Amino acid sequence: QVQLVESGGELVQAGDSLRLSCTASGRTFSMGWFRQAPGKEREFVSAIIWSTGNTYYGEFMKDQFTISGDNAQKTIFLQMTNLKPDDPAVYFCGRGTSGWGRRAVSWDYWGQGTQVTVSS
């Protein structure tokens, strides 16, 4: 059974940094992060492709977010810096078995999400 376990979300102050982590079980082709604010669609943040090590970012994400990972451990991290009041959301980790994409429908499995809250 494939599982994705995220952690690291918490309440922080504006301007703070935070690191999220996600560990998958089973074979993976790709892993990535999306975020979803209340009433909004799930938004692509970043992804990593294990076979090439290539990383991808959503529009305007690269300045504030950095994805990294350990292929052997099937663990990815999302380093977030200078968090802003409009960054709060539930951050979801996704796993792709044969591909990836900037749309949520392209991913096969999801974690339960981890809440990031930013106070001003």
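Reader: Is Gly-53 buried, partly exposed or exposed?

Author: Gly-53 counts as partly exposed, because its relative accessibility is 44%. Buried means under 20% relative accessible area, exposed means over 50%, and partly exposed lies in between, with a 1.4 Å probe and protein chains only.

Reader: What kind of model is this, and how are residues numbered?

Author: This is a predicted model, in which local features need pLDDT of at least 70, side-chain atom pairs count only at pLDDT 80 or more, and totals for chains, interfaces and linings use all residues. Residues are numbered from 1 along each chain as its sequence is written, and side-chain values use heavy atoms, with hydrogens and water left out.

Reader: Where is Gly-53 placed?

Author: Gly-53 is in the loop between β5 (43-49) and β6 (55-57). Its C-alpha lies 31 Å from that of Leu-11, and the two residues are 42 apart in sequence.

Reader: How many helices and strands does the protein have?

Author: The protein has 0 helices and 11 strands. Helices (H or I, at least four residues) and strands (E, at least two) are DSSP runs, numbered from the N terminus. Along the sequence, the pattern reads β-β-β-β-β-β-β-β-β-β-β. The radius of gyration is 13 Å, close to the 14 Å that the globule rule gives for 120 residues, so the protein is as compact as a globular protein of that length. That radius is taken over C-alpha atoms, and the globule rule is 2.2 Å times the number of residues to the power 0.38.

Reader: What does the C-alpha trace span along its principal axes?

Author: The C-alpha trace spans about 40 × 25 × 25 Å along those axes.

Reader: And how much of the protein is buried?

Author: Buried residues make up 42% of the 120 residues. The accessible surface comes to about 6,400 Å², and 45% of it belongs to carbon and sulfur atoms. These areas come from the Shrake-Rupley method with a 1.4 Å probe, and for residues only the protein chains shown count as cover.

Reader: What share of the contacts comes from residues 24 or more positions apart?

Author: Such residues account for 56% of the contacts with a separation of 6 or more. Contact means heavy atoms within 4.5 Å.

Reader: Which residues does Gly-8 contact, leaving aside neighbours within four places in sequence?

Author: With those neighbours set aside, Gly-8 is in contact with Leu-18, Arg-19, Leu-20 and Thr-114. Gly-8 and Thr-114 are 106 residues apart in sequence, and their C-alpha atoms are 7.0 Å apart in space. Gly-8 is found in the loop between β1 (4-7) and β2 (11-13), and it counts as partly exposed because its relative accessibility is 28%.

Reader: Turning to Leu-83, is it buried or exposed?

Author: Leu-83 counts as buried, because its relative accessibility is 1%. The residue is in the loop between β8 and β9. Beyond its neighbours within four places in sequence, Leu-83 has contacts that include Val-12, Ala-14, Leu-18, Gln-64 and Val-118. The C-alpha atoms of Leu-83 and Gln-64, 19 residues apart along the chain, are separated by 7.9 Å.

Reader: How many salt bridges are there?

Author: The count comes to 1 salt bridge. A salt bridge is a side-chain nitrogen of Lys or Arg within 4 Å of a carboxyl oxygen of Asp or Glu. Arg-35 pairs with Glu-43 in this way, and their closest N and O atoms are 2.9 Å apart. Arg-35 is buried, because its relative accessible area is 12%, whereas Glu-43 counts as partly exposed at 34% relative accessibility.

Reader: What is phi of Lys-74 near?

Author: Phi of Lys-74 is near 50 degrees, a positive value in a residue other than glycine. Most residues other than glycine have a negative phi. Lys-74 is in the loop between β7 (65-70) and β8 (75-80), and it counts as buried because its relative accessibility is 18%.

Reader: And what about phi of Asn-82?

Author: Asn-82 also has a positive phi, near 45 degrees. This residue lies in the loop between β8 and β9 (89-96). Asn-82 is partly exposed, because its relative accessible area is 44%.
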